[in-house]
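I opened my notebook to go through this model, starting with the overall fold and then moving to one helix. Here is what I looked up, in order.

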Amino acid sequence: MKYRQLTQTQRYQISALRVAGKSQRQIAAMLGCHDSTISRELRRNSVHGYEPEMAQRQANTLRRTAFKRHKRVQWLTDWVSERLKEHWSPEQISGFMRRMNIPVQVSYQWIK
């Protein structure tokens, strides 16, 4: 299964299915995600029972405040800009960074 974050709708579904007495594995199968995802979600966001609205607020806050190293490194932005001025393609820049083991790498999608 490919990793993706839970949506607000899925969080409400988890809540309803828990109330209906479904197990974590059954919920995971119904939502099409791994059962460890459901386990982590319930462990992180259950104080006095699972509250999907609070869980979504926490997820939004974490996503908004997460440290995004590549967005905070000015030299990287400058370096990529210089390569683009030299008419390198985003794919060439990304591939070069990967081959040279540059500590902070970006995908060609980030460059576009």
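**Entry 1: the fold.** I started with the order of elements, and from the N terminus on they run α-α-α-α-α-α-α. My tally for the protein is seven helices and zero strands. A reminder to myself: this is a predicted model.

**Entry 2: overall shape.** How does the radius of gyration of the protein compare with what the globule rule gives for 112 residues? I found 20 Å, well over the 13 Å from the rule, so the protein is more spread out than a compact globule. I then looked up the box that the C-alpha atoms fill, and along the principal axes it comes to roughly 60 × 25 × 20 Å.

**Entry 3: burial, surface and contacts.** Next I checked burial, and 29% of the 112 residues count as buried. The protein exposes about 8100 Å², and carbon and sulfur atoms supply 52% of that area. I also looked at contacts between residues at least 6 apart in sequence; of these, 42% join residues at least 24 apart.

Entry 4: I turned to helix H1, which covers residues 8–19 and holds Ser15. Is Ser15 buried or exposed? Its relative accessibility is 16%, and the cut-off for buried is under 20%, so I wrote Ser15 down as buried. Leaving aside neighbours within four places in sequence, I found Ser15 in contact with Tyr50 and Pro52.

Gln8 is also found in H1. I noted a relative accessible area of 41% for Gln8, which makes this residue partly exposed. I then took a C-alpha to C-alpha distance from Gln8 to Arg98: the two are 35 Å apart in space and 90 residues apart in sequence.

**Entry 5: H1 against H3.** For a helix pair, I want the angle between the axes and the distance between them. At what angle do H1 and H3 pack? I read about 85 degrees for H1 and helix H3 (residues 35–45), with the axes 12 Å apart. Angles of 65 to 115 degrees count as roughly perpendicular, and H1 and H3 are therefore roughly perpendicular to each other.

Which residues make the contact? From H1 I listed Arg11, Ile14 and Arg18, and from H3 I listed Ile38, Glu41 and Leu42.

How values were computed. Residues numbered from 1 in each chain as written. Predicted model: local features only at pLDDT ≥ 70, side-chain atom pairs only at ≥ 80, totals over all residues. Heavy atoms only, no water. Helix = DSSP H or I, 4+ residues; strand = E, 2+ residues; numbered from the N terminus. Buried < 20%, exposed > 50% of the residue type's maximum accessible area, 1.4 Å probe, protein only. Contact = heavy atoms within 4.5 Å. Axes fitted to C-alpha atoms, helices over the stretch in contact; angles between N-to-C directions. Parallel < 35°, antiparallel > 145°, perpendicular 65-115°, else oblique. Rg over C-alpha atoms; globule rule 2.2 N^0.38 Å. Areas by Shrake-Rupley, 256 points an atom, 1.4 Å probe, with all protein chains shown as cover.
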